[in-house]
Amino acid sequence: MPFLAIALSYVLSSISFPWLIARMYGVDLRTTGARKLGGSNLVKTVGVVPGITGGVLDGLKGLAAVLIARALGLSLEAQLLCGLAAIVGQMWPLFHRFDGGRANATGWGFAIAADPTAAFLFMGPPVYLAVAARLLIKPRPTRVLPIAALVSFVVFPVAVLARDGATATAFAGSAAFVLIEVRRLTAGLREDLATGAPIGRILTNRALYDRSELQVRGVVAI
């Protein structure tokens, strides 16, 4: 049962809701905007309501994977692995040539299901502040949200570790952070390296701001 649940979590999370919603509007997210299968690109290319809908559905992948595993009576470790499998499915989806989104929303959904207190009280504030900055500051800052998202995935396991010690949830939260960074660093990396840009700059922009060299140069939209 645990192995089947983990495998199903990955397969079901390989369904890209932003891609499906975009296709309903005649838009292919792979060739439009930031070329990412995520809610943020859907907002910019199709609209706010479809984008938020796609982002929420992506978030529900991580949330549902953990909660369904819990309802089935699986162990905590199996529940967390189901959540991590959902993140992997969002990043490297079976149905989209293993090239998906960044899984920020899916990761947040996973964290909320795994430890809602740590998610809302510690993981949430960096994101809340970034969203407020985007709404209130003119011109809109373009780098605060990617940094805030990264910080949120650092804060979550640290908060759990500080409160509960080295628990399975703390380790799973750390694994989610590692997955987030690996996806940022590797997605489309070959295209960036082909530009001849300094590798240090490429990796820094990717790790901190989730920006490819092509985006920094304005070839691909941010």
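Q: Why is helix α6 (residues 104-114) described as largely enclosed by the rest of the structure?

A: In this predicted model, 8 of the 11 residues of α6 are buried, so the helix counts as largely enclosed. The buried residues are N104, T106, G107, G109, F110, A111, A113 and A114, where buried means under 20% relative accessible area.

Q: What makes up the surroundings against which the buried residues of α6 pack?

A: These residues pack against α4, α5 (76-91), α7 (116-136), α8 (144-164) and α9 (168-186). For F110, leaving aside neighbours within four places in sequence, the contacts are G62, L63, V66, L80, G83, L84, I87, A172 and A176.

Q: Why is α2 called roughly antiparallel to α4?

A: Helix α2 (residues 17-24) and helix α4 (residues 48-71) pack at an angle of about 155 degrees, with their axes 8 Å apart. Angles over 145 degrees count as roughly antiparallel, and therefore α2 is roughly antiparallel to α4. The crossing of α2 past α4 is right-handed.

Q: What makes the contact of α2 with α4, in terms of residues?

A: From α2, F17, P18 and I21 meet P50, T53, G54, L57, D58 and K61 of α4. The residues of this contact comprise 5 nonpolar, 2 polar and 2 charged.

Q: Which residues have the most contacts inside the largest nonpolar core?

A: They are L84, I87, M91, F110 and F156, in a core of 21 residues. At least two residues of this core come from each of α5, α6, α7, α8 and α9, and α9 gives the most, with 5 residues. Another core, of 7 residues, lies apart from it and includes A5, A65, A69 and C82.

Methods. Residues are numbered from 1 along each chain as its sequence is written. This is a predicted model: local features need pLDDT of at least 70, side-chain atom pairs count only at pLDDT 80 or more; totals for chains, interfaces and linings use all residues. Side-chain values use heavy atoms; hydrogens and water are left out. Axes are lines fitted to C-alpha atoms, for helices over the stretch in contact, and angles run from 0 to 180 degrees between N-to-C directions. Helices (H or I, at least four residues) and strands (E, at least two) are DSSP runs, numbered from the N terminus. Angles under 35 degrees count as roughly parallel, over 145 as roughly antiparallel, 65 to 115 as roughly perpendicular and the rest as oblique. A crossing is left-handed if the near helix is turned anticlockwise from the far one by less than a right angle, and right-handed if clockwise. Contact means heavy atoms within 4.5 Å. Ala, Val, Leu, Ile, Met, Phe, Trp, Tyr, Cys and Pro count as nonpolar, Asp, Glu, Lys and Arg as charged, and the others, Gly among them, as polar. Buried means under 20% relative accessible area, exposed over 50%, partly exposed in between (1.4 Å probe, protein chains only). A nonpolar core is a set of buried Ala, Val, Leu, Ile, Met, Phe, Trp, Tyr and Cys residues joined through side-chain atoms within 4.5 Å.
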